[in-house]
Amino acid sequence: MRRTLGLLTLAALPLAVLAVFFVVPVGAMVARGFVVDGTFDPGAVVEVLGRDRTGRVLWFTLVSAGSGTALSVLLGLPAAYVLHRLDLPGVRIARGLLLVPFVLPTVVVGVAFRALLGDGGLLGSLGLDGSATAIVAALVFFNVAVVVRVVGGAWASLDPRAGEAAAALGASPATVLRTVTLPALRPAIASAASVVFLFCSTAFGLVLTLGGLRYATVETEIYLLTRAFDLPAAAGLSVVQIVGVVLLLVVVGRLRRSDDAAAGRAPTTPRRMQGYDVPAVAATVAVLAATALPIVGLVVAAFRVDGAWSTANFRALTGTGDDTALLVPVTEALRNSLQIAVDATWMALLLGLLVALVVTRRARTRTERTVRGVLDGVFMLPLGVSAVTLGFGLLITVARPPLALRDDPLLVPLAQALVALPLVVRTLVPVLAGIDDRQRQAAASLGASPARTLLVVDLPVAWRPVLAATGFAFAASLGEFGATAFLAQPDRPTLPVVIARLIGTPGGTNYGMATAAAVVLAATTTVVMLLVERLRVPSVGAF
Amino acid sequence: MPDETSTSPDGTAVPDGLRLGGVTVAYDGSPALRDASLHLPRGEVLAVLGPSGSGKSTLLRAVAGLEPLDDGTVTFDAADLAGVPVHRRGFALMFQDGQLFPHLSVARNVGYPLRLRRTPRPDTAARVAGLLELVGLTGYADRLPATLSGGERQRVALARALACDPRLLLLDEPLSALDRHLRERLAGDLRRILVAAGTTALLVTHDVDEALAVADRIAVVRDGRVVQSGPAAAVLAAPVDAPTARLLGYGVVLDGDAADRVLRAAGRPASPTPVGVALRRTACRLVPAGTPDALAGVVVATRLTAAGARCTVAVADVGELDAAPADGVPEPPAAGDAVAVRVDPAGLAVLAG
């Protein structure tokens, strides 16, 4: 009982933050839809769910997320194998680069795909601009890294001897893959697929920039309805989304647990490439090339002005665009972004560390275990709840009295920290959980206080993952768009907000400026992610 | 080293079996196995004995085809295996921890190699039932590997490895993960099953008792080299050098004058050239001081073991010897007592090198 209390004390700060800045806003947002003129009236919500357009939106969400997930898994599996199991030159750099799309701001991905597929783009002749195919391709571009990370991590720690035993018994490499390796990886694959489905079905910036008004998912529809002040409709869709996400998170949690229980985990060393690895390596090279394509297209577009090479787009970043599309120069937006990201990072790290500590201490009683399990799940919520819902919810709750934080410079970082929190937690938890508790007990028995035990046992193992989580949170915050779009003050926008604004304001050099700004943002995140990859923490980007 | 022959005891030719000629395997340029040559005739069991890190597992993996050779050849029945992938060698591999497929039941694990060969279903079922009976696990068919004990898992792994009648069975420390009691019992079972099936097997182990219990022949590997090989009894009787003697279970290795004194006390002629002498733990017996042909000494310490009292005795010009009181000695002597040590010639080996 006392331990459970201690647990809750440690969890108090993250829980309070989550309650005030996540549960209350999201709850208020949902309540808006159900309460009309002070009385409970679900009629409006029910009416929304019956609309033709809602049905189409739900259908498109499921279809695009489903095909995005299937393709991500299909393309991610060979890459997971090659990048985590084989000893090839450049594998580590490729692993780092593949993670870049995942933290790339969705707005940048949107711009990149339009630069690639639009008129004059490298693949402009395909006529895919604004099509559903383009949206699915962008979702895959975004999420292959997740599959590579999650499945690759499991693959790397899979004991190769089971496969070797099967091979010695007469199984060809393909048969080993089908009968031994894939069954052993099934939990990891299912876990990756459900997380990817989660990301695909809540994608916002991407669908908004690529789909326009023609293609809407639940997430963009909530945004559009909110903008149109059709709050009951927005709330109805939010409820649908939250229910779906909670169900998915439960599934993910289940899968993760069975994954942990799977035996046969052992660190392995990458091995030399064999003849039968050629198809997988070729597929991986193709995936890497396809991933690089939109980025190359973006860079090319940024350096082209009126059909000639030029740095004019970049030089224009010190200005406010044609027809003063912006209130501040892009360079100032970049400065804002960096400042906000620094604040968001320390907040996410502080909360994430507390959560990770609480979740990973060994439970002694069943109640304690249940409490930990629930906490673990609760802090995953921001991963799936619409950032738009969160942003708008914050706007109608804490931005008003009694809190009146609308002008508080920490409101935007806080929202971003909540969005980055699951990434931090998921990076730290496997590492802390992996420390043998007997080491802590040994330290304690030698006279180390709990604080000292933390310093002697946990810190030496955890400092790299903590640094990696810092970089990861920083990059995620730099690119956050959904919540920031609502909360950022007009005179203090972040880079993604500015990019979205430039795309949305037709005229002269605005589009060129948007591509240049996107290149700057992408370059910044890439550098951060390559630094993170240097730390070699396997749990980064694994869920 | 005795000459390796390809004839059975009655003189008829038997298929050649496994031959390694000058096999070298390197990891990242540093050789784990150097110039290893071995011969394992068909139907026999060879134990490769070596301390951890000696290269014995590398040898086994090279034979299985899991490690590419940097030099040398591996042949089976005179056919070179270079370029033959693991799954076409017709061998079977059993690991220390079984490596059962966790998602398959016991029966499906054992039937795995049969399904690979598209054996008709009724035949598979019959063969699996027979194998489970052979390893003493009748009634375990529907269990999952996670519900089995370590010993049961190894039995299932053995049944799976035997299912497709491998030309050669490769066993990587098959009993090391088990506790001693179980290990001893399973070693006997393993020997019985291998002999009954006439299986040619290569066993890798660091435990001399396991090697002796299961194998006909022993090859000793140290620092990546095969330092001695031959029939088990021959290797045991004449270890090639001191580290090999210790690996084979000898407690003390003496050389020079000390070796000569011990040889004389055992009633063996002193060798004209200085050689080493290895003593088994059972070789020395405490007898009353002054017994003729025994080495005089003083007890340094006495301790109790499960097999009775043992004394450490300081013998002049020899050093400290470990000895058990001879039968009929009522009280073990205390430290400081003058005693004598008799050396049993059967517990002594003259090093071949």
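Which domains does the domain assignment of chain B give? Two entries: domain 1 (18–238) and domain 2 (252–350). The bounds come from an automatic or database domain assignment. Taken over C-alpha atoms, the centres of domain 1 and domain 2 of chain B are 39 Å apart.

Ground rules, quickly. This is a predicted model, where local features need pLDDT of at least 70, side-chain atom pairs count only at pLDDT 80 or more, and totals for chains, interfaces and linings use all residues. Residues are numbered from 1 along each chain as its sequence is written, chains are lettered from A and ligands numbered from 1 in the order in which they are written, and side-chain values use heavy atoms, with hydrogens and water left out.

Elements next. Helices (H or I, at least four residues) and strands (E, at least two) are DSSP runs, numbered from the N terminus. Two strands pair if DSSP finds at least two bridges between them.

Start with an open sheet in chain B. It has 4 strands, in the order E2-E1-E4-E5, with antiparallel pairing. Strand E2 (30–40) and strand E5 (79–80) of chain B are the edges; each has a single partner strand, so one side of each lacks a neighbour in the sheet. Helix H1 (residues 56–64) of chain B packs on this sheet and touches E1 and E2 of chain B. Contact here is heavy atoms within 4.5 Å. The direction of H1 makes about 115° with that of E1(B). Axes are lines fitted to C-alpha atoms, for helices over the stretch in contact, and angles run from 0 to 180 degrees between N-to-C directions.

Inside the sheet, strand E1 (residues 18–27) and strand E4 (residues 71–76) of chain B run antiparallel, joined by 5 bridges. Arg19(B) has Thr75(B) as its bridge partner in E4(B).

Now strand E13 (residues 284–288) of chain B. Antiparallel to E13 runs strand E17 (residues 338–343) of chain B, with 5 bridges. Leu286(B) sits opposite Val341(B) in E17(B). With strand E16 (residues 319–325) of chain B, E13(B) pairs in the parallel sense over 2 bridges. There, Arg285(B) faces Ala324(B).

Over to chain A, helix H19 (residues 437–445). Asp437(A), Arg440(A) and Ala443(A) are buried, meaning under 20% relative accessible area, with exposed over 50% and partly exposed in between (1.4 Å probe, protein chains only). Down the axis of H19(A), the buried residues fall within an arc of 120°, so they line one face of the helix. That arc is taken from the directions from the helix axis to the C-beta atoms. Helix H18 (411–434) and helix H20 (450–479) of chain A are among what covers them. Exposed Arg438(A) and Ser445(A) lie on the face turned away.
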